[in-house]
Amino acid sequence: MEELTEVITAAELHPLQCNVFVYSSSKGTVRLCDMRASALCDRHAKFFEEPEDPSSRSFFSEIISSISDVKFSHSGRYMMTRDYLSVKVWDLNMESRPVETHQVHEYLRGKLCSLYENDCVFDKFECCWNGPDSAIMTGSYNNFFRMFDRNTRRDVTLEASRESSRPRASLKPRRVCPGGRRKKDEISVDSLDFNKKILHTAWHPADNVIAVAATNNLYIFQDKVN
């Protein structure tokens, strides 16, 4: 085990082509394999990797680039990968770079040292698509979860809590202040609870219903019904 330099972190079968699957690695790469070529998939058909900017490389670069989850879109045209700080959407026809990059909690970049010391930097967050593949969702800390609209490019931070889980209670957007002067209704990054985290998320394939797991609680939310 000590000699391992790269491990498989997630795998997913294509939703429409049963012979195609992808698997991600701890080095931030994704390999697509076709089982028609060989039963032993030690050679990949496609290799997805985003070039790293040498000027931004640090001690944490390889750790935060490790992919914790990979999911095909329902259409089979795209796939989504989740690393520690972001969610990326890839077109299966373009291996060189993602077509979309959504920052999940970029305000934590300045706290990587403390997150490394308490092992939070190794947390494995999942991600998921909605039914039409027009929005994506993933978890964060402080029982926050993030939703990104791919059409409008808008994003929102919501919180799973006992108060928000009451019948007919509406989820209110939350904002995190990365530093400096904090506005009203904003939460300071220093007051985030890293023991409260949403690692698992799911979106109903047909209805606008989501489920998020926060520690030992499961929250289910649905779009407002008139």
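**Entry 1: Asp69**

I looked up Asp69 and found that its side chain makes a polar contact of 3.1 Å with the side chain of Lys71. A polar contact here is a pair of N or O atoms within 3.5 Å; within protein, one must be able to donate a hydrogen and the other to accept it, and residues adjacent in sequence count only if both atoms are side-chain atoms.

I note that this is a predicted model, in which local features need pLDDT of at least 70 and side-chain atom pairs count only at pLDDT 80 or more, while totals for chains, interfaces and linings use all residues. Residues are numbered from 1 along each chain as its sequence is written, and side-chain values use heavy atoms, with hydrogens and water left out.

Asp69 belongs to strand S5 (residues 69-72). Strands (E, at least two residues) and helices (H or I, at least four) are DSSP runs, numbered from the N terminus. Is Asp69 buried or exposed? Its relative accessibility is 8%, so I put it down as buried. Buried means under 20% relative accessible area, exposed over 50%, and partly exposed in between (1.4 Å probe, protein chains only).

I then listed what Asp69 touches, leaving out residues up to four places away in sequence: Ala10, Met80, Thr81, Arg82, Phe125, Glu126 and Cys127. Contact means heavy atoms within 4.5 Å.

**Entry 2: the sheet with S5**

I followed S5 into an open sheet of four strands, ordered S5-S6-S7-S8 with antiparallel pairing. Two strands pair if DSSP finds at least two bridges between them. S5 and strand S8 (100-103) stand at the edges with a single partner strand each, so one side of each has no neighbour in the sheet. Strand S7 (residues 86-91) and S8 are antiparallel and joined by four bridges. Ser86 stands opposite Gln103 in S8.

**Entry 3: strand S2**

I checked strand S2 (residues 20-25) next. Six of its six residues are buried, so S2 is largely enclosed by the rest of the structure. Side chains in a regular strand alternate between the two faces of the sheet. In S2, Val20, Val22 and Ser24 are buried on one side, and Phe21, Tyr23 and Ser25 are buried on the other.

**Entry 4: aromatic rings**

I found twelve aromatic pairs in the structure. Rings of Phe, Tyr and Trp (its six-membered ring) pair if their centres lie within 6.5 Å; planes under 30 degrees apart count as stacked, over 60 as edge-to-face and the rest as tilted. The rings of Phe59 and Tyr116 are edge-to-face, because their centres are 5.5 Å apart and their planes stand at 85°. Phe59 is exposed at 57% relative accessibility, whereas Tyr116 is partly exposed at 32%.

The rings of Phe145 and Phe221 are stacked, because their centres are 6.1 Å apart and their planes are at 20°. Phe145 lies in strand S11 (residues 144-149) and Phe221 in strand S17 (residues 217-222), so this pair ties together parts 76 residues apart in sequence. Phe145 is buried, at 0%, and Phe221 is buried, at 9%.
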